[in-house]
Structures are given as structure tokens and as C-alpha cells.
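The sequence and model come first.

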Amino acid sequence: MRDAFVKQLTELAKKDESIFFITADLGFGVFDNFAERFPNQYLNVGVAEQNMVGIATGLGLEGRKVFTYSIANFATLRCLEQIRNDAAYHEVNLTVVASGGGFTYGGLGMSHHATEDISIMRSLPGVEVVAPCTAWETYEATKLLSQNQGVSYLRIEKGGIQIPPYPNTEFEVGKAIKMIEGSDISIIATGGIITECLKAEKILKDQGVSSEVISMHTIKPLDEDAIIASASLTKNIITVEEHNKYGGLGSAVAETIAKYNIDCRLSCISIDDVYSAIVGSQEYLRAHYKLDHHEIIKKAQALLQ
Amino acid sequence: MSELSIGLAKKIRLHALEMTHLGKSSHIGSILSIADILAVLYENILQFDPRKPKLDTRDRFILSKGHSGAGVYAALAEKNFFLVDELKKHYSDGSIFSGHVSHKGVPGVEFSTGSLGHGLSVATGMALSAKLDKKTHRVFNVMSDGECDEGSNWEAIMFASHHNLDNLVAIVDYNKLQSIYSPKLTLNLEPFRSKWESFGWSVVEVDGHDHAELTDALQAESSGSGKPLCVIAHTVKGKGVSFMENNNLWHYRTAQDEEYKDAKKELEDGI
């Protein structure tokens, strides 16, 4: 996903001099080419996230389209008040990019586990929240968010599917993408954990269960229509996210179901309100915290019983 | 030149006293502390056109110590950005003239603040933007001494000199009283001047109530020097009202009844 982001950023910078990228001293080797090609559109502010967002706001107020970049929580929590008071209140064109959503940097410890970011960023008025499920979505989202006059949050991970689910799939912020059609159960995911949903879908299919897999890459604004349509069809929804259970995708879907009084069952897969004191690969931690395809299958079977 | 700015400072003080009196709001001491700085900036230093508040060539001014916002509103009204009558709405129900300075709907306010340690980074970003675009306007940021406890400022201070932002001016309202008591007792700033100098800034110390000294320091052409400029303005919190001077009660208290009359009379007479 990061490569897709850098690729799109490079294309944007080439076409538009007002595109400006700031890193808080992270991304070793990743932005060298960009920095060399666009020296007036690149800045490493040092390990200083609060100042990074302040500088970004100053540049944004003067008409630039700014990206700030750091790993996991440093891009958001460390400078949250600057994002709120400075960039968001002043409606600056800023895309806050956090590399390492969820347990991407699982081995590095809880400081590097971004597991509350969606909830926190979603609660800021006017801020759009996008957690792409695939590398292709990251590429598309980067472009669209740079055109958003206001603050956006882009949460990226490593790897991810490179191509759209169908040749002519259109990406729109706030518009869910149906990865697979199905009729018995809806699996709605945000972030790279969609791969676990696709794994589960295959296994469930072999068991005779037809699953609809939906990429809810945008948490805000939420595609309520997609939720209503899928829930009305299958009557069974599972949400999947590599994020704490409060305030993320599961909460957002539950709010929608309650708001429109939709007749369906809902089961949320998320982190059970803990900080991880253990480390491991993203795959290991997904399994450990019961977020992986095994858990999706179990939940699906329970719902359909 | 000083005569005009001295007149403006008096008006700022009187407006702010009335605004905080009517709104029953706090921070009159902090406002009186920077009334002269604001007056010198708006009368002698800043380039602007009140009919075109977003004019590209304007100098940018940020009040980072947002709790003195009433002083900025008063200065802007006196400089014809909006009607002086509007000031009476300060702090009232439904008003956009908030206790901490806010830009929404208020022409001339460059940036909203209220949480300390935000303004300088934003001013630094604006100064960087001007450099990148080869524009010649300057960017001014007024901050408080207590505000220098915030680590974010020191991130910006390091950044500004590293990037040779000689179009950036930080003015510190050094009145030696922060929220509860003095910086010396709270978190010592000294040696303050050499802190800024060691971070790569040019530093000038002035009497923050002396209009000629302030004007000279702020007019000094720093562009080309490669160094951002810090003006340490030695000030008196509550300046102009004898019973408010150097008394931190007036960081919070609103002048009512006799206190209001006495304060108003002192400011009108010009002690």
C-alpha cells in the first residue's frame, strides 16, 4: 500500500506544484526519489509531529495541498490537537497519512500498534477517514483525498491487492466496493484485513455459504446505502477490523443499523479493548486477537445457525 | 508615528476593559500586557488593507496567546476591518467573538488559537511558504512567556533557524507572570535570550511598552540575515491600571462596579 501511495503522490506532484509532502523523519529510502525530483515539494521536519502539523497548516493556509506522513500513532495521536485546532478548524487541505494501520508493525510493540486511530479521527468534525483494503484503493484514495478541501486521514498498511476487483471498478471516497457478491451473509471490512475475509469467503463457499464481501475503505463519510442494501439482502452482517471495538467500523455499522431500524443480525470482529503487550507478525496477532478468517467463519456459522 | 500607535494602544485597552466587563470574561491582565505590542504592529509595522483582508501581499499576524483575543478584535475594529460596535458582542451568547481569538466570520483574524504552543509552528509554515514562493511579506507571531513551557514551540524554533526563515518574527510577551505564578517559580525560562540565540535566532530585548523601541526592533530588516528574529518584550501584566499591574488575580477576574470605573478612569487619564 505504501508503494501505491508513493506512486500516486509522485504523479500528483508532477502535475501540481501545490502538492507538498512532509515526513516526520520516517520512511527510510522510500521518499528519496520523490525528494530528489521535487525538492520544493518535500520536507523532512525531523522527529517533531506537533510542529509537522503546524507547518502543514501554515503551508495549507497559503494554498498548498499537504500530506503529512509518519508511522502508526505518531501521525495522529501525538499531534491530535494540532490536527483538530489548526488543520481541521481552519479547513486546510491536509491528508494525514499513517503508515502501519492495526498490527502492521506487530513486532515493534504497543507504541506501534495503531488500534484506536479510526475511532479518534472519525470523531473530529469534517475529517474524512479512509482505511484502504487494497493497494489499488490506496492509489486511488491518495488522489481523491488530495483534492479534498479539508482534513482527511489515510490509514495504510503493507502489501495488499494491486488490482481492482473488476476491470472497471470505480473508486469513490464514501462509496463501498463489493469485492464478492453473496446472499447468505455480509462480511464488511476495513483495511488490509479484507484478505482474511476473502479467505473466509472461500472456505464458507465450500461449506455452502454464500458471502458478500464488502470493502468499506471509507469509514467517514460512511456508505450507509451499501450497508442498508447488504443487510436487507442477507440479514446477517459481520464487520471485520484490526482496531479496537469502540468507535471503529463495527460501531459505525451498528449506528447505521440502529438509525434506519434495519432488521438484521450484527456480529463485530475487533480488538477486545486491550493493548497488546505481546508482539508478533500481523498474521500472528490477527489470530491471537481473534480477528482472522477462522474467527470470521466461526461467527458466520453462529449467525446462520 | 509613535503618537498614532500610543493612541491606538489606549483605545485597545479601553475597548478590552469594556469587552471583558460586559462579557464578564477573563484575561484583562494579559491583554493590557500586549496592548502596546498590538498597537505598534497594527499602526507602524504590519502591511494590510482592511478592505481586502486576504490580500496576498499582506503581512501575516498570529496571536498565539489566544486568550488575549479581545485585544486583537479591538485593534482590528479600530483599523476598520469591522465596526467598533461589534466588539460589544464579545463573549455573549451566540457571538463569534470568542474569549480565545477565532477567525471564523471575523475579517482580519489570520488564525484561531486558544491552546498554547500552536501559533509559532503555523507562523513558521506560513514563513516557509512565503520563502518557497519568493514572496516578501513577513510573518509575526505574538506568544506569552508561560507559553514557552510548551515543547512544540521549541520544535518550531529549531525548525525556523534550520530553514533560515528570516521573514519570521516571534514576539514574546515577557511579563513574568503565567497562569498561577511566575515562570521563575513555575518552570524557569532563563537564560531566556541565550536559549533563543543558541537555537539560531537573532534576539532583541525591548521595553514592551515603549513604542519607539518596539517599532525600531520590529522594523529592523531581518530579511537577508538568514535568521528568524525574536523580540523579547519586557512587559507588565495589567499595564495601565495600577491595581491590575503585576497582580495575577487579573488573569481571571472581571472588573465590575467601582473597579471598572476606576480602571476606566486610569486608562482614560493615562497613568
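This is a predicted model: local features need pLDDT of at least 70, side-chain atom pairs count only at pLDDT 80 or more; totals for chains, interfaces and linings use all residues.

In what order do the 5 strands of the open sheet in chain A lie, and what is the pairing? The order is E7-E9-E8-E11-E12, and the pairing is mixed.

## Five-stranded sheet of chain A

Strand E7 (177-180) and strand E12 (265-271) of chain A are the edge strands of this sheet, each pairing on one side only. Between neighbouring strands the average turn is 25°, direction ignored.

Strand E11 (residues 236-244) of chain A runs parallel to E12(A), and 6 bridges join the two. Within this pair, A:Val240 has A:Ile269 of E12(A) as its bridge partner. Helix H7 (residues 194-206) of chain A lies across E7, strand E8 (185-189), strand E9 (211-215) and E11 of chain A. The direction of H7(A) is at about 170° to that of E9(A).

## Seven-stranded sheet of chain A

Chain A also has an open sheet of 7 strands, ordered E2-E1-E3-E4-E6-E5-E10, again with mixed pairing. Its edge strands are strand E2 (42-44) and E10 of chain A, each of which pairs on one side only. From one strand to the next the twist averages 20°.

E1(A) and strand E3 (residues 65-71) of chain A are parallel and are joined by 5 bridges. A:Ile22 is bridged to A:Thr68 in E3(A). Helix H1 (residues 2-15) of chain A packs on this sheet, where H1(A) touches E1, E3, strand E4 (94-99) and strand E6 (151-156) of chain A. The direction of H1(A) makes about 140° with that of E1(A).

## Contact between the chains

How many residues does each chain bring to the contact? Chain A brings 20 residues and chain B brings 17 residues. On the side of chain A that touches chain B, the elements giving two or more residues are helix H3 (49-61) and helix H4 (80-88) of chain A. H3(A) gives the most to this side, with 9 residues.

By class, the side of chain A that touches chain B has 7 nonpolar, 9 polar and 4 charged residues.

## Cis peptide bonds

Most peptide bonds are trans. In chain A, the bond from A:Lys220 to A:Pro221 is cis, with omega near 0°.

In chain B, a cis peptide bond joins B:Glu190 to B:Pro191, with omega about -5°. B:Pro191 is placed in the loop between helix H6 (183-186) and helix H7 (192-198) of chain B.

Most residues other than glycine have a negative phi. A:Asp25 is not a glycine, yet its phi is positive, about 65°. A:Asp25 belongs to the loop between strand E1 (19-23) and helix H2 (32-37) of chain A.

B:Asn246 lies in the loop between strand E5 (229-234) and helix H9 (257-269) of chain B. With 14 other C-beta atoms within 10 Å, B:Asn246 is partly exposed.

Definitions and conventions: Residues are numbered from 1 along each chain as its sequence is written. Chains are lettered from A and ligands numbered from 1 in the order in which they are written. Helices (H or I, at least four residues) and strands (E, at least two) are DSSP runs, numbered from the N terminus. A residue is buried if 20 or more other C-beta atoms lie within 10 Å of its own, exposed if 12 or fewer, and partly exposed in between; C-beta atoms are placed from the backbone. Two strands pair if DSSP finds at least two bridges between them. Axes are lines fitted to C-alpha atoms, for helices over the stretch in contact, and angles run from 0 to 180 degrees between N-to-C directions. Two residues are in contact if their C-beta atoms, placed from the backbone, lie within 7 Å. Ala, Val, Leu, Ile, Met, Phe, Trp, Tyr, Cys and Pro count as nonpolar, Asp, Glu, Lys and Arg as charged, and the others, Gly among them, as polar.
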